[in-house]
Amino acid sequence: MTHTAVAADLIADRLVPFPKSHFLAAADLNPPFTLALLDLADVFVDLNRESTKGLELLRGRTVLNLFFENSTRTSSSFEIAAKRLGADVVTMPVQASSVKKGETLIDTAVTLNAMRPDILVVRHSASGAAALLSQKVGCAVVNAGDGRHEHPTQALLDLLSLRRAFGDVGGLTVAICGDIAHSRVARSNVALLSMMGARVRLIGPPTLVPGDADRWGCEVFHDMREGLKGCDVVMMLRLQLERMDGALVPSTREYFRFWGLDREKLAWASPGAKVMHPGPMNRGVEIDSDVADDLSVSLIQDQVEMGVAARMAVLASLSARLEGAA
């Protein structure tokens, strides 16, 4: 029996229909289903490391990638994931679309709906855009990042990386550090990590931590030394200068001095602590290259690999739900 045939049997055993019609937020998951999704993603990790990677699981399905914001990792990750599952994939260049001519998001939704896609993957600069589209189309919608709201598949792939590194995330202490105010990644990770039993801390300067962060169910720190003490995972966030109104940090040089992760600050965490970053990294701003490129502590490249497998699991699970609804 070929490896692909073995993988197909494992997938059939582990494939569970998605619990909701769309994947818009981390709260669309629950602990038992999340574990099942991670088990399925593990099969895809192994498959992706083989020379022959293709499956026919989504044959006849059309996956439409609609990215209103620039993206390299997420867009290509979804495209590769869908193609490896055998789907027909269309990635729409918004820069050359009718949106640039003044077409509204709802007009776009109506147009796309008429094309009868099965799964629509959406990234948009406005919070709630994915949810709005989900109300206007007849297909499954996956939120690939909406404004400052959520980025649920990023949280899922981060969870996959952590489970493979530690065996279980329950009981881990995870510090999410930096520009939390503008981060959809932080919001999704807080929700999903907390759901799965991890203890989450938020660390950042007062200007970059939301005023209501103490109500997220996390400990909030404004001092890196205190915040990192006893942490098993240090997740750095990109400093999103393009989303800031006014100067919220004195300079990138000063930011790195106090909030950038280097060897000295990493030593404040628990021995054996792992480092994460959703990318793209601003080296020398949020994280030192010496830390980011050290595979003995850094999971950053692993996160990129896990992104394809996690998104394959999401697309396969949503397709299974579509099959059940047919």
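**Binding-site residues and their surroundings**

P280 sits in the loop that runs between β9 (274-276) and α11 (289-292); helices (H or I, at least four residues) and strands (E, at least two) are DSSP runs, numbered from the N terminus. This is a predicted model, in which local features need pLDDT of at least 70, side-chain atom pairs count only at pLDDT 80 or more, and totals for chains, interfaces and linings use all residues. Residues are numbered from 1 along each chain as its sequence is written, and side-chain values use heavy atoms, with hydrogens and water left out.

**Annotated sites and the pocket**

- In an unreviewed entry, UniProt gives the feature "binding site" at R73, T74, R123, H151, Q154, G279 and P280; its positions follow the numbering used here, feature names are shortened, and annotations may be inferred rather than shown by experiment.
- R73, T74, R123, H151, Q154, G279 and P280 from this set belong to the lining of the largest pocket.
- On a 1 Å grid over the protein atoms alone, a pocket is an open set of points where a 1.4 Å probe fits, with protein on both sides within 12 Å along at least five of seven lines, and lining residues have an atom within 4 Å of a point.

- P280 has a relative accessible area of 42%, so it is partly exposed (buried is under 20%, exposed over 50%, partly exposed in between, with a 1.4 Å probe and protein chains only).
- Not counting residues up to four places away in sequence, P280 touches R73, R238 and E286 (contact means heavy atoms within 4.5 Å).
- Q154 belongs to helix α6 (residues 152-166) and is buried, at 6% relative accessibility.
- Beyond its neighbours within four places in sequence, Q154 meets V185, P278, Q303 and R311.
- R184 is part of helix α7 (residues 184-195) and is buried at 9% relative accessibility.

**S298 in its loop**

- S298 lies in the loop between α11 and α12 (300-325), and its 6% relative accessibility makes it buried.
- The S298 side chain comes to 2.8 Å from the backbone oxygen of A292.
- Leaving aside neighbours within four places in sequence, S298 contacts V275, V291 and A292.

Methods: Polar contact = N/O pair within 3.5 Å; in protein donor to acceptor, adjacent residues only side chain to side chain.
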